[in-house]
Each structure stands twice: as structure tokens, then as C-alpha cells.
Amino acid sequence: MTALFLIILIIALTSSVYSQAPSSPIPLSSISNSFTRGNPSSDLTVDLWIDLGCSDCLAEWPLLKSVYETYEDTVKFNYHLFPLPYHQFAFLLAKSANCVDLHGDAGDVFNFFDIVYTNENQALIYNSVTANMTYNDVMTDIVSNFVTESSASLSADDFLGFMASDYDCESNTRYQFKNAALNQIYGTPMYTINGVTVTDGLSSMDDWTAMIDGLLQ
Ligand SMILES: *[C@@H]1O[C@H](CO)[C@@H](O)[C@H](O)[C@H]1NC(C)=O
């Protein structure tokens, strides 16, 4: 009886150890290939997991910008793109952001986020609107305009050339997607505060202020 109990206990402990394995901590900031702004040496890091074709992210963006503007001197902000498969051109938008980051001027990628997260531009890339468009149609007719609005130094032709031939634009985007999957991100927007994922409770400026001010003390 005791032996049987021990065997069951060992099996239970072993399986719980195995089931914990996927949630072992994965270094976030240093290798995550995110777009970073704010105070790089802050003890407080906010990771934001966003999708550029996501209406929930569009709705949150003004608040997320205010949070950044309030805390840019005291908090490090990492933005990670997690293009969800049910947003038809989300990967294209994420890859374009990486292309702007690699080939535009410093900070242009944040202009790109601001331009993509407007109601009128999101309305151009809804699944229902782009249903009959090809990848190249969307890239040439829609996204290249977002890019030239975001970056003074990147022309539409250069952008299209880099998208076709610079594999770093593609591989950075793949890496960001895989990094999000490793961090158990399953939707957007999601937030990770000093490595702890927060799935809800951050829906107003008061929520963010209470959380950040509490951690900064
Ligand atoms: C796409 O094409 C199909 C088939 O021609 C048509 O029924 C549908 O209305 C089109 N959708 C859009 C958004 O243009």
C-alpha cells in the first residue's frame, strides 16, 4: 500500500515537473528583438505584445501612447509584434514594420505604428475589404503609403525592394512571432511587466498608473 502510494506520488510529481517545463522563464528583453523606447536602464520593463491588424490594439493605442508619454523617462517599453493568423495581412504589416525599423531612421517604426493605428487606415486593411486583393496589391497600394508617411528616408520603391530581397525583414518578423509563442502569448494586446504576463486589469490610465507607480516605489 505504501509502495503503491509512493509510486503514484512519484508519477504525480514527475508529470507536474514535465507540465511545468514549457513555462520556465525565457529571457525577454535582451534577445527578444523588440522595438524599444523609454528609459533603457530602468528597473521596470513593460513588454507590449501587439498586432498591427488588430481592432483591440487600435482601440487601446491612444491609452498605450499616453502610458508611454507619461513614463518615457522612468520605464523601458518593449513592443513586440505578434501577427495573429486570422488577421489576413497582419504578417505583412509586421514585416513592413521590421523593414521600416531596419531601413528607415531611428524611431520611424513608432511613426509606422501610429499611422497604422488610425481608424481610416485600419479600414483599408480589414479582412472584408482586402478579401480579393493579393499580397502584392496590399503591399503596393496600401502599406507602401503607410511606410512613406512614416519615414522621410524610405521611398516606396526602396521599401518594396527591401521587402523582396532583404531576408532580415522576414527573419526578424518570424523571430518576434516565435518569441511571443515561447512566452505563451495568445492574443493582442497583452502585457508583460518585469516578466510577469498580465492578461487583464490594465484598461484605463488609472490602472496603469496604479500598477507602474506601485512598482517604481
Ligand atoms: C470578392 O469576389 C467575390 C467573387 O467574385 C465577390 O462575391 C465578393 O463580393 C468580392 N468581395 C469584395 C470585398 O470585393
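**The sheet and its surroundings**

Mentor: Of the protein's 217 residues, 33% count as buried, meaning that 20 or more other C-beta atoms, placed from the backbone, lie within 10 Å of the residue's own; 12 or fewer makes it exposed, and anything in between partly exposed. This is a predicted model, in which local features need pLDDT of at least 70 and side-chain atom pairs count only at pLDDT 80 or more, while totals for chains, interfaces and linings use all residues. Residues are numbered from 1 along each chain as its sequence is written.

The protein has ten helices and five strands, taken as DSSP runs numbered from the N terminus (helices H or I, at least four residues; strands E, at least two). An open sheet of five strands has the order 1-3-2-4-5 with mixed pairing, where pairing requires at least two DSSP bridges between two strands.

Asp-47 stands opposite Thr-192 in strand 4. Helix 2 (residues 55–71) packs on the sheet and touches strand 1, strand 2 and strand 3 (76–81); contact here is C-beta atoms, placed from the backbone, within 7 Å.

The largest nonpolar core has 47 residues, a set of buried Ala, Val, Leu, Ile, Met, Phe, Trp, Tyr and Cys joined through C-beta atoms within 7 Å. Leu-48, Ile-50, Leu-93, Ala-97 and Phe-112 touch the most other members. Helix 3 (residues 90–103) gives the most to this core, eight residues.

Note on methods: Two residues are in contact if their C-beta atoms, placed from the backbone, lie within 7 Å. Axes are lines fitted to C-alpha atoms, for helices over the stretch in contact, and angles run from 0 to 180 degrees between N-to-C directions.
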